[in-house]
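Please read the following report alongside the sequence and the three-dimensional structure.

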Amino acid sequence: MPQKISLRIDGELIHTAAGQSILDAAKAHNKFIPSLCHMKGLSSVGACRLCIVEVAGVGRLLPACTTPVQDGMSVTTQSDKLRRYRRIAVELLFAERNHVCAVCVSNGFCELQALATRLGVTNVRYPYTYPKVPIDLTHPRYTSDQNRCILCSRCVRVCAEVEGAHVWDISGRGVGSRLVCELNRKWGDSTNCTSCGKCVQSCPTGAIAEKGFAVEEMSKRTDPISRLATLRAAGADNKPGVIL
């Protein structure tokens, strides 16, 4: 049996298993911490920095998804400081790419859009960069539109850790980072892609979508991916190539 430890989250005494992340412990006790890069069953990378929390005695903000709980820890998940930083992070995500919600297939189903609404982001205070980024329509079933990509790397991890195909990766640094397919091939030329659709369903925005959907039609199904990831972590065969 996992060792049980005690900590406080927003003043409430919580009993949870040692080794859990702060984010998982908070979610298990119905406490909201925003996140975009985290997905149940996948490794945690702390890419979006939206799940930052305050920990008593620590002089910096910590990502809840990659910080393990400790006995006696005192965590603050909601404060004016955290809300300010989270709004800044969301605004920068909008400013760094060309998000036009009104014409997006994921409008109404987009996690970035929903989180911006919940955090009270009504405008972007930073200059838009308007990058010239590619749209790849070469795959017979799916599209990749980097105008909508937030570099959460969920597609990278689900393809590598669940499907085992290793099609996607992140290339470059900083604002010049881009999602690439097999060392910068066109998606339609991929030799590893199984067309399973796991990257499509794991994408929190409309950056990777299925062809044939119009504006406001592309909802996502993340629960099957989480179940497959859990089975894979337990050593079970998840049958690569299963189409979602």
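## A salt bridge at Glu-210

Glu-210 has a relative accessible area of 23% and is therefore partly exposed. The model is a predicted one, and in it the side chain of Glu-210 meets that of Arg-141 in a salt bridge, with a distance of 3.4 Å from N to O. Arg-141 likewise counts as partly exposed, at 27% relative accessibility.

This pair links distant parts of the chain, since Glu-210 belongs to strand β10 whereas Arg-141 sits in the loop between β6 (135-136) and β7 (142-145), 69 residues apart.

## Further salt bridges

Glu-12 counts as partly exposed at 37% relative accessibility, while Lys-31, at 17%, counts as buried.

The side chains of Glu-111 and Arg-154 also meet in a salt bridge, here at 2.9 Å from N to O. Distant parts of the chain are again linked, with Glu-111 in helix α3 (residues 111-118) and Arg-154 in helix α4, 43 residues apart. Glu-111 is partly exposed, with a relative accessibility of 28%, whereas Arg-154 counts as buried at 2%.

## Nonpolar cores

The largest nonpolar core is made up of 19 residues, and those with the most contacts inside it are Cys-155, Trp-168, Leu-179, Trp-187, Cys-199 and Ile-208. Two or more residues of this core are given by each of α4 (154-163), β9 (178-181), α5 (198-202) and β10 (208-210). The largest share comes from α4, which supplies 3 residues.

What does Leu-179 touch, if residues up to four places away in sequence are not counted? Its contacts are Gln-146, Cys-149, Leu-151, Cys-155, Val-156, Trp-168, Asp-169, Ile-170 and Ile-208.

## Helix α3 and its two faces

Helix α3, which carries Glu-111 of the salt bridge to Arg-154, has Leu-112, Gln-113, Leu-115 and Ala-116 as buried residues. Seen down the axis of α3, the buried residues fall within an arc of 165°, so they line one face of the helix. What covers these buried residues includes α2 (80-96).

On the face of α3 turned away from the buried side are the exposed residues Thr-117 and Arg-118. Just after α3, Gly-120 takes a positive phi of about 80°.

## An open sheet

Five strands form an open sheet in the order β2-β1-β5-β3-β4, and the pairing within this sheet is mixed. Strands β2 and β4 (62-63) are the edge strands, each of which pairs on one side only.

Strand β1 (residues 4-9) pairs with β2 in the antiparallel sense, over 6 bridges. Within this arrangement, the bridge partner of Ser-6 in β2 is His-15.

A disulfide is a covalent bond between the sulfur atoms of two cysteines. How many disulfides does a search of the whole structure find? The search finds 0, and the distances around two of the cysteines can be set against a cut-off of 2.5 Å between sulfur atoms. For Cys-101, the closest cysteine sulfur is that of Cys-110, at 6.2 Å, which is too far for a bond. The sulfur of Cys-104 also has that of Cys-110 as its closest cysteine sulfur, at 6.2 Å, and this too is too far for a bond.

Are these two residues buried or exposed, or partly exposed? Cys-101 is partly exposed, with a relative accessible area of 30%, whereas Cys-104 counts as buried at 8% relative accessibility.

Terms used: Residues are numbered from 1 along each chain as its sequence is written. This is a predicted model: local features need pLDDT of at least 70, side-chain atom pairs count only at pLDDT 80 or more; totals for chains, interfaces and linings use all residues. Side-chain values use heavy atoms; hydrogens and water are left out. Buried means under 20% relative accessible area, exposed over 50%, partly exposed in between (1.4 Å probe, protein chains only). A nonpolar core is a set of buried Ala, Val, Leu, Ile, Met, Phe, Trp, Tyr and Cys residues joined through side-chain atoms within 4.5 Å. Helices (H or I, at least four residues) and strands (E, at least two) are DSSP runs, numbered from the N terminus. Contact means heavy atoms within 4.5 Å. A salt bridge is a side-chain nitrogen of Lys or Arg within 4 Å of a carboxyl oxygen of Asp or Glu. The arc is that of the directions from the helix axis to the C-beta atoms. Two strands pair if DSSP finds at least two bridges between them.
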